[in-house]
Amino acid sequence: MNELKLESIAPFLAGFAILGTVLGMVLRGWSTIKGFVNSLFRLVVTQVHLQDEATAQAVLAHLIRTYKRSALGERTFGGKHESFRDGKFGHVPFEFFGGHRILFWVRRAPLWFNVAAEKTEEKSVIYWGGKPKANMKASLAFVRGTINVEAIVREASASRNHLYWSNGVSAQKRFFIKRIPDATQQGLQKYSAGTSLAWYQEGLYRLLAHTADQLGKGASPLSPGRSTDKLYFPDPIRKLLREVEMWRRLRDWYLQRDIPWKRGWVLYGPPGTGKSAITRAIAEDLDMPLFVYSLGQMLNEDLEQSWAEMQAHVPCIALFEDFDNVFHGRENVYGKPKLSDLITASAAGNGGANSATAGAANNQSSVLNTGRLSFDCLLNCLDGVEKSNGIFTVITTNHIEKLDPALGQPRKAADGTVEFISTRPGRIDKAIELGHMDDADKRKLARRIFFDSDVGFWQISRMIDREPNRKETPAQFQERCAQLALDLLWQAEHPNAGGSGEAVRPKAESRDQGAELETGNRA
């Protein structure tokens with residue numbers, strides 16, 4: 001019996017022995033077999049790499065928009081907190097593309113978009129299209145000879161450029177505001193002037209519960225008329241506004257006469273005189289992008305890069321607000337500790353030795369002037385070897401005396417009056433002082449605020465008459481009018497509660513007085 005059992009299982013034992021021998025040979029030669037199989041696979045399927053993040057994003061967005069995507073494979077869902085155009089702020093759910101392999105069908109040929117993470121010792125979180133990652137690398141895989149990858153990359157680049165240049169809106173509208181550095185961006189992109197596109201406009205997300213038109217900060221309500229017409233400045237300044245409008249549309253005129261097609265203004269005066277307001281109004285009325293620079297946070301390479309990128313948006317406006325907070329003459333003083341304090345601290349740590357104090361002074365002086373934006377770099381951007389045609393530069397300052405003459409200061413005429421033409425045209429062409437309001441402009445602003453209240457207009461006119469030529473900035477006078485308007489509104493809603501102490505004329509009499517004032521103003 002035992003011999004019969006052995007005879008019956010002998011074939012199985014022999015089979016297992018042969019299988020074990022074969023598996024052993026396969027394992028010993030696995031690397032060779034794997035290499036052979038990979039070689040055969042590469043003969044059929046080829047792979048191309050996308051070197052940088054910008055190209056990978058552009059290609060992926062183009063593939064999603066153009067070709068059919070397989071429903072098989074991994075999917076990634078997430079959400080971000082975002083502003084809504086109705087003023088709310090909330091959570092926006094989405095499906096994110098690009099965090100895994102995706103199969104596309106280019107006509108009938110398969111195309112795989114692959115994303116792989118490289119190992120890195122860095123522990124900081126970096127973002128690729130909004131998804132945390134450690135150095136992500138993208139590639140395309142496809143059957144050899146079935147897909148023209150060069151054509152796909154060219155088309156993706158053209159589509160992304162069109163999106164950048166239109167800034168996500170219609171080609172007829174160019175105005176947007178871009179702050180540099182941008183607190184919403186990561187890394188070097190914070191100092192880029194590139195584009196104002198929001199994350200949901202880049203084509204890497206599928207919104208699940210909202211549309212792109214619902215997201216983003218809502219635009220300020222627009223009232224009829226031009227934005228510059230709602231600001232109050234003397235007539236000479238209004239003529240300068242017309243000059244900018246002509247500069248905006250006469251590019252060929254400037255170039256035919258070999259006049260640089262660029263402008264530069266410095267607006268100076270006390271706070272509240274409308275320096276930033278007039279700059280934004282010009283950008284809105286002339287439909288130009290507005291780039292607002294925080295120079296104190298930038299290095300030379302940051303400014304040079306962003307200034308070069310601005311060329312893609314010309315004509316545009318570059319605004320340097322509160323310039324005197326960054327540069328005193330040619331010295332960058334932004335956030336700089338006092339040299340005397342550092343010397344004192346160093347001397348205290350060295351027992352107050354004179355030699356130590358002198359050494360500290362020399363060392364600290366060099367340290368304080370490194371790692372900052374240099375004045376020379378700023379001048380080179382404004383008026384260097386490379387022309388910056390199409391850029392209207394505006395510098396605002398409360399202290400014109402702190403501007404270096406090489407940048408441009410007000411120029412005095414022979415009779416002692418101050419001209420608008422600066423001491424350094426080509427960099428800063430005009431030095432314009434914005435001061436206090438005159439009484440005529442005060443009445444115009446008051447009529448705009450009290451368009452529905454003759455009583456309010458009469459009262460504010462009495463204040464102007466009692467204190468003629470009172471020094472007030474537009475911001476100060478507007479606040480005074482707003483306080484009076486709110487007080488009158490409160491009195492109308494609470495007639496028995498008492499007022500602010502200012503006598504209110506009868507309605508009929510105030511209407512007659514208001515009409516009389518209006519007639520006088522028109523005359």
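Trainee: How many helices and strands does the protein have?

Mentor: There are 15 helices and 20 strands in the protein. Keep in mind that this is a predicted model.

Trainee: Noted! And what share of the residues counts as buried?

Mentor: Of the 523 residues, 38% count as buried. The accessible surface of the protein is about 30,400 Å², and carbon and sulfur atoms account for 55% of that area.

Trainee: What about contacts between residues 24 or more positions apart, how much do they account for?

Mentor: They make up 71% of the contacts with a separation of 6 or more.

Trainee: Let's go to the strands. How is E17 placed, buried or exposed?

Mentor: Strand E17 covers residues 391–397, and seven of its seven residues are buried, so E17 is largely enclosed by the rest of the structure.

Trainee: Which residues point which way from E17?

Mentor: Ile391, Thr393, Ile395 and Thr397 point one way, while Phe392, Val394 and Thr396 point the other way. Both sets are buried.

Trainee: Which strands pair with E17?

Mentor: Strand E12, residues 263–268, runs parallel to E17 and is joined to it by six bridges. Strand E14, residues 316–320, also pairs with E17 in the parallel sense, over five bridges.

Trainee: Which residues of H3 are buried?

Mentor: They are Ala56, Gln57, Ala58, Val59, Leu60, Ala61, His62, Leu63 and Ile64.

Trainee: Why do residues three or four places apart in an α-helix point the same way?

Mentor: An α-helix has 3.6 residues a turn, so residues at that spacing point the same way.

Trainee: What does Asp52 do at the start of H3?

Mentor: A side-chain oxygen of Asp52 comes to within 3.3 Å of the backbone nitrogen of Ala54.

Trainee: I was also looking at Asn332. Where does Asn332 lie, and is Asn332 buried or exposed?

Mentor: Asn332 lies in strand E16, residues 331–332. Asn332 has a relative accessible area of 6%, so it counts as buried.

Trainee: Which backbone atoms does the side chain of Asn332 reach?

Mentor: One is the backbone nitrogen of Tyr334, at 3.1 Å. Another is the backbone oxygen of Leu373, at 2.9 Å. Leaving aside neighbours within four places in sequence, Asn332 is in contact with Val326, Phe327, Arg372 and Leu373.

Trainee: How about cysteines, how many disulfides are there?

Mentor: The count is zero disulfides. Cys377 is in no disulfide, and the nearest cysteine sulfur, that of Cys381, is 4.5 Å away. Cys377 is buried, at 5% relative accessibility. Cys481 is buried too, with a relative accessible area of 0%.

Trainee: Now the backbone. Which peptide bonds are cis?

Mentor: The bond from Ile180 to Pro181 is cis, with omega near 0 degrees. Pro181 sits in the loop between strands E10 and E11. The bond from Val314 to Pro315 is also cis, with omega near -5 degrees, and Pro315 is in the loop between helix H8 and E14.

Trainee: Last one. What is phi for Asp258 and Asp287?

Mentor: Phi of Asp258 is near 55 degrees, a positive value in a residue other than glycine. Asp287 has a positive phi of about 55 degrees as well.

Key: Residues are numbered from 1 along each chain as its sequence is written. This is a predicted model: local features need pLDDT of at least 70, side-chain atom pairs count only at pLDDT 80 or more; totals for chains, interfaces and linings use all residues. Side-chain values use heavy atoms; hydrogens and water are left out. Helices (H or I, at least four residues) and strands (E, at least two) are DSSP runs, numbered from the N terminus. Buried means under 20% relative accessible area, exposed over 50%, partly exposed in between (1.4 Å probe, protein chains only). A polar contact is a pair of N or O atoms within 3.5 Å; within protein, one must be able to donate a hydrogen and the other to accept it, and residues adjacent in sequence count only if both atoms are side-chain atoms. Contact means heavy atoms within 4.5 Å. Accessible areas come from the Shrake-Rupley method with a 1.4 Å probe; for residues, only the protein chains shown count as cover. Two strands pair if DSSP finds at least two bridges between them. A disulfide is a pair of cysteine sulfur atoms within 2.5 Å.
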